[in-house]
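Let's take a look at the charged side chains in this protein and who pairs with whom. Here are the sequence and the model.

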Amino acid sequence: MTTVWDQLALAGRHAVSPPWYYMFELYEDARRPRAMEYLYRFETKAALYDILRVRLSDPVATNALSDKAAFAERCREHGLAVVPALATVNADGVRRLDGGETGLPQCDLFLKPLRGAGGRGASSWIYGEDGLYHGNRGTVLSEAGLTEFLIELSRNNEYVIRARVSNHPDLAALAGTALSTVRVVTCLDEEGRPEVTHAVLRMASSTDVVVDNFHAGGIAAAVELTTGRLGPATDMGLRADSRWWDTHPVSGAPITGHTIPMWEQVPELARRAHEIFGDQVAIGWDIAVCEEGPVLVEGNKSPDLDIIQRIGREPLGN
């Protein structure tokens, strides 16, 4: 009953709803007094971010953080390493962005809604030596078949087709079949310069998914900014079997103490990216570390702070 009364007290006094009670481990006596130091989604995504954008942000830059094709093009124009957008698809057909004339690019593809978050609607397609596209759910389609499928899929929600990239070999055992990305948060400092404040490595926790999103069942570990070393990983904390892992729950590969390869390039890429979106106060960057080096995947104009506060076990409001 103590837990119930604690939740009711936090809800009544501070509007802390039950999911965040568990996510931020406020059932621990030492953490509960700090409940108001956390930033909650109704404060950030439903209020603060919108206020900052209305007062400070350029709509063109804001749109480029929402539109994945526009984001890739803006980064490319400024010489930043970014996963290229190859085409967009809507009810009218495929529109190539990579200079190709018609049809689908004949390479491994990763598909996602042009606008959207959370990994919903994502899929990957491997282009085989047989000239067919092999989907992550076992579907095999010809170019014409995949085109028809995508056009139907995009009737109500335009999609972007990007090149499918792979993790650095040193991260393969932590990534599974999904691309594992580092979520790096940057914020403008007192002089208007981008500063890296936090970073976590996101990982898929099962072998049947193509995204590493925390809110889609993935796990994450804090990254020490100066060294790139990982702490223990966990999920959102909303399941009865939630726990902290020193090793990956599927592969058994060590997480705690593992160092992200080429780490020093990751925060530098995030800082450089924020410079070309300098009207935005805070941005969450998804950066993949590939064998050739780190590449930008997406920029998030309303970065989720649940993952940062949950994984770091510290509030950000102070």
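## A pair at the surface

Is D241 buried, partly exposed or exposed? D241 is partly exposed, with a relative accessible area of 47%; on this scale buried means under 20%, exposed over 50%, and partly exposed in between (1.4 Å probe, protein chains only). Its salt-bridge partner is R239, at 2.8 Å from N to O, and R239 is exposed at 55%. A salt bridge here is a side-chain nitrogen of Lys or Arg within 4 Å of a carboxyl oxygen of Asp or Glu.

This is a predicted model, where local features need pLDDT of at least 70, side-chain atom pairs count only at pLDDT 80 or more, and totals for chains, interfaces and linings use all residues. Residues are numbered from 1 along each chain as its sequence is written, and side-chain values use heavy atoms, leaving out hydrogens and water.

## Buried pairs

K112 and E298 pair up too, with their closest N and O atoms 2.8 Å apart. K112 is buried at 8% relative accessibility, and E298 is buried at 9%.

D235 and R310 form another salt bridge, at 3.9 Å. D235 is buried at 7%, as is R310 at 4%.

## The wider picture

D235 and R310 also belong to a salt-bridge network with E25, E28, R31 and R313. Across the whole structure, the search turns up 24 salt bridges.
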